[in-house]
Amino acid sequence: MLRSLLPCHRLTTSTLLSGLVVPDVPLEETEILRMESSKNNIELVLLITPTTPMDRMKSIVSASEGFVYLVSSVGVTGTRTDVSARVQTLLKDIKQATSKPVAVGFGISKPEHVKQVAEWGADGVIVGSAMVKLLGEAKSPEEGLKELETFTKSLKAALI
């Protein structure tokens, strides 16, 4: 891992990269990644899932930089019909353990989802699969970008 990590970090010294989200790396295996990120002024954002035990959640929250990424559902990323009510409890627990912002991702794909998690106390949302799907289904790159603009405006409007 160290060999593949270092060139990435050298590259970032000449870019505007300020944070890094690396899913599927257990906390116990992030020491080198955290050290290299710190040396390069890059915030390493760690993930908490609905199955993360409370004591482990506190350790992850402590080690995460910039913000805490709350995974809204168990399983792989992708669009969902709704957001689990468990997210509300998880947000409350995380907010009691840290003053860092908490962003919710995995399955956030509709303005209703954005509104719901914001009402529950999320400081941000992460939308990925819905955007990739929208762009992938567009008839042209230009159309995709127009649809993406409309979509992101609808997500933002859910917060007003």
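Here is a short tour of a predicted model, stop by stop. Local features are described at pLDDT of at least 70 and side-chain atom pairs at 80 or more, while totals for chains, interfaces and linings use all residues. Numbering starts from 1 along each chain as its sequence is written, and side-chain values use heavy atoms, with hydrogens and water left out.

**Helix 3**

Select residues 54–63, which make up helix 3 (helices are DSSP runs of H or I with at least four residues, strands are E runs of at least two, both numbered from the N terminus). Colour Met57, Ile60, Val61 and Ala63: these are buried (under 20% relative accessible area with a 1.4 Å probe, protein chains only; exposed is over 50%, partly exposed in between). They sit on the same side of helix 3 because they cover an arc of only 165° around the axis, taken from the directions from the helix axis to the C-beta atoms.

**The aromatic pair**

Next, show tyrosine 69 and phenylalanine 106. The whole structure has one aromatic pair, and its ring centres are 6.1 Å apart with planes at 80°, so it is edge-to-face (centres within 6.5 Å; planes under 30 degrees apart are stacked, over 60 edge-to-face, the rest tilted). Tyrosine 69 is in strand 4 and phenylalanine 106 in the loop between strand 5 and helix 5, 37 residues apart. Tyrosine 69 counts as buried at 8% relative accessibility; phenylalanine 106 does too, at 17%.

**Positive phi**

Stay on phenylalanine 106: its phi is positive, about 75°, although it is not a glycine. Then jump to asparagine 41, in the loop between helix 2 and strand 2. Asparagine 41 also isn't a glycine, yet has a positive phi of about 55°. It is exposed, with a relative accessible area of 66%.

Note on methods
Rings of Phe, Tyr and Trp (its six-membered ring) pair if their centres lie within 6.5 Å; planes under 30 degrees apart count as stacked, over 60 as edge-to-face and the rest as tilted.
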